Amino acid sequence: FDEASPAGAAFAALPVEARTAMWAALASELGATRLGVQGRIEQSLHRKSRARLLWPETDGAGWTVHRDNGIMYGLDVTRSMFSSGNGTEKTRVARFPCAGETVVDLYAGIGYFTLAYLVHAGAAHVHACEWDDDAVQALRHNLTANRVADRCTVHVGDNVASAPKLRGVAHRVNLGLIPSSEAGWPVAIEALRAEGGLLHVHANVGSAEADEAAWCDAMLATFRTLSEAAGRDWTVSVEHVERVKWYAPRIRHVVADVRCASVGS
């Protein structure tokens, strides 16, 4: 619905009552209770939704619940995005053997991966870090709705500020931010236990094998430097690279599973 188009401009000029009646009639014909327009996701680190509701124009009408792989994700679609393209990765996370583990999710959002770790992977506890207020509100709702709130600590604000509370607690760290999660890498290294653990590192990478290999080499070099700076005597290696989805032509969203292990272990 482009209000700048001739048709859009003509529609916008109608009285409010006429516009409302038209949307209501269209919704009735479609069997819908709400009508909205999807917008391009904000390109800031908050990744805000730019969807807008056309009808009804009431507070809270953007709240919806999406059920995926036995998990309920509630969110206000006009405030937070729902990333349907991450479905295969959420399913993969759900199969991780996390019984007894503590997980740090550095970019929790509304709980995309936090909930998979808790509901299906059997994590003992998840520290979920998120700085966007709308996402935090949805995250807290979803933890309660899925009956796992007692096994999750929500850290509100920048990861760097949360880092001291997370030092040395994690068996694995999820870094689910694209186009790059590199800003959280120092926090992730500090969060792992002294003996090491797993990092699940998301990024957008060129689709050519050479691009992917170059990214892995640069990432490992950075993690080795960060490990040394943290006083960790670790070997660092890539166990697996998961190709999640196409992000753009010749650009893939990938996840590298990085193993950090004490030398000699």
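Relative accessible area was used to class residues as buried (under 20%), exposed (over 50%) or partly exposed (in between), with a 1.4 Å probe and protein chains only. By this criterion Cys-216, at 11% relative accessibility, counts as buried, and Cys-260 is likewise buried, with a relative accessible area of 1%. The structure is a predicted model, in which local features need pLDDT of at least 70 and side-chain atom pairs count only at pLDDT 80 or more, whereas totals for chains, interfaces and linings use all residues. Residues are numbered from 1 along each chain as its sequence is written, and side-chain values use heavy atoms, with hydrogens and water left out.

With a disulfide defined as a pair of cysteine sulfur atoms within 2.5 Å, the count comes to 0 disulfides. Cys-216 is in no disulfide, the nearest cysteine sulfur being that of Cys-260, 14 Å away.

The secondary structure of the protein chain comes to 8 helices and 11 strands, where helices (H or I, at least four residues) and strands (E, at least two) are DSSP runs numbered from the N terminus. The C-alpha atoms fill a box of roughly 75 × 45 × 30 Å along the principal axes, and buried residues make up 46% of the 265 residues. Of the contacts (heavy atoms within 4.5 Å) with a separation of 6 or more, 63% are accounted for by residues 24 or more positions apart. The chain exposes about 13000 Å², of which carbon and sulfur atoms supply 54%, as computed by the Shrake-Rupley method with a 1.4 Å probe, only the protein chains shown counting as cover for residues.

An open sheet of 7 strands, with mixed pairing, has the order E7-E6-E5-E8-E9-E11-E10, two strands being taken as paired if DSSP finds at least two bridges between them. Strand E7 (152-156) and E10 stand at the edges with a single partner strand each, so one side of each is left without a neighbour in the sheet. Neighbouring strands of this sheet are turned by 15° against each other on average, direction ignored. Within the sheet, strand E8 (residues 172-175) pairs with E9 in the parallel sense over 4 bridges, and Val-173 stands opposite Leu-199 in E9.

Helix H8 (residues 209-229) packs on the sheet and touches E9, E10 and E11, its direction making about 140° with that of E10; axes are lines fitted to C-alpha atoms, for helices over the stretch in contact, and angles run from 0 to 180 degrees between N-to-C directions. Helix H4 lies across strand E5 (102-105), strand E6 (125-130), E7, E8 and E9, and runs at about 175° to E6. Helix H3 (residues 87-94) is mostly covered, with 6 of its 8 residues buried, namely Gly-87, Glu-89, Lys-90, Arg-92, Val-93 and Ala-94. The cover of these buried residues includes helix H4 (112-119), strand E9 (196-206) and strand E11 (251-262).

The peptide bond from Ile-178 to Pro-179 is cis, with omega near 15°, and Pro-179 is found in the loop between E8 and helix H7 (185-191). Asn-69, in the loop between E3 and E4, has a positive phi of about 55° although it is not a glycine, and this residue is partly exposed, with a relative accessible area of 40%. Arg-147 has a positive phi of about 60°, again without being a glycine; this arginine is found in the loop between helix H5 (133-145) and E7 and, at 78% relative accessibility, counts as exposed.
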